[in-house]
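Thanks for asking me to look this one over. Here are my notes, point by point, to read with the model open.

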Amino acid sequence: HLFFLLRDLVDPDLLPPRSFIDSLVLAYIDRLQESKLLPNGIAWYVTHLPDTQQVGIFAAFLSTLSTEEERSEALEAGRINGIAVQEATKKIVQGETVMVDWEVERSLRAMGFTGEPLPADFFEPDLSSDFIFSALESSKDIKIVREGRSPYCRVQRAMISNKFQDLTASQGFDADTDPQLLRFLVHLFFLLRDLVDPDLLPPRSFIDSLVLAYIDRLQESKLLPNGIAWYVTHLPDTQQVGTFAAFLSTLSTEEERSEALEAGRINGIAVQEAMKKIVQ
């Protein structure tokens, strides 16, 4: 904001290079996008960039919006601020079209279809998911590298590449991970068990260790006490009774234990066996 003011007040020769000020504007636009603050104000900041950058930056911003309402409001803000919004939307469509065309041709030729000859550089640069994720990790921008190596980005990479075996402890995914990431991983594996070949997933013992860790977290936090039975049912039959009995033994009131037992019955756990184990 200081440099915006100074541009109107002092001789440009007294200011830092334009490229430096533009780099600060771009960084601030990134911050605004990440924080979801002033989504319709971003267009105003874009207009302070050189004309040659405005369309590309605004198109990149539009591509981050997830709903039609958000995109519509941003486009209106762009029009009000004099940005060439038609060019920006065209740039998005062109990028998406190139990606789709590249992927279709690659897949067809992988199946043996020859078709008409393509230009020698058609598959350059490499737009495969592995190449793109590798490029993110090797970027010179430390922010991009940090985000590319984040657990959620690596989960996204595994899902896109069908390499779910990479989501293991050796890659930083273990029972001691961040509570929210642990919750996400447990639910993700529950879903994947129903969607993909078990051979594509990490070992069952690893997934079970995450489920047990999440059950421990739920017990410690006193969240979802009657929902713990449901998580227990996702463990092997040989572990369910012992795990449920251990949970029951942490309950301090008759009311809590009664509700937990009812939840166990509803979820098909052998609650009598669990109670017997506690008594023994």
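1. Helix 4 passes helix 5 in a right-handed crossing (the near helix is turned clockwise from the far one by less than a right angle). Helices here are DSSP runs of H or I with at least four residues, numbered from the N terminus. This is a predicted model, where local features need pLDDT of at least 70, side-chain atom pairs count only at pLDDT 80 or more, and totals for chains, interfaces and linings use all residues. Residues are numbered from 1 along each chain as its sequence is written, and side-chain values use heavy atoms, without hydrogens and water.

2. Helix 4 (residues 51-62) and helix 5 (residues 68-80) pack at about 160°, with axes 10 Å apart. Axes are lines fitted to C-alpha atoms over the stretch in contact, and angles run from 0 to 180 degrees between N-to-C directions. The two helices are therefore roughly antiparallel (an angle over 145 degrees).

3. Who meets whom? On helix 4, Phe58, Phe61 and Leu62 are in contact (heavy atoms within 4.5 Å) with Arg71, Ala74, Leu75 and Gly78 of helix 5.

4. Now to a loop: Leu200 sits between helix 10 (179-195) and helix 11 (204-221). Because its relative accessibility is 30%, Leu200 counts as partly exposed (from 20% to 50%, with a 1.4 Å probe and protein chains only). Setting aside neighbours within four places in sequence, Leu200 touches Phe164 and Gln165. The C-alpha atoms of Leu200 and Phe164 are 6.1 Å apart, although 36 residues separate them along the chain.

5. Overall, the protein has 15 helices and zero strands (strands being E runs of at least two residues).

Key
Parallel < 35°, antiparallel > 145°, perpendicular 65-115°, else oblique.
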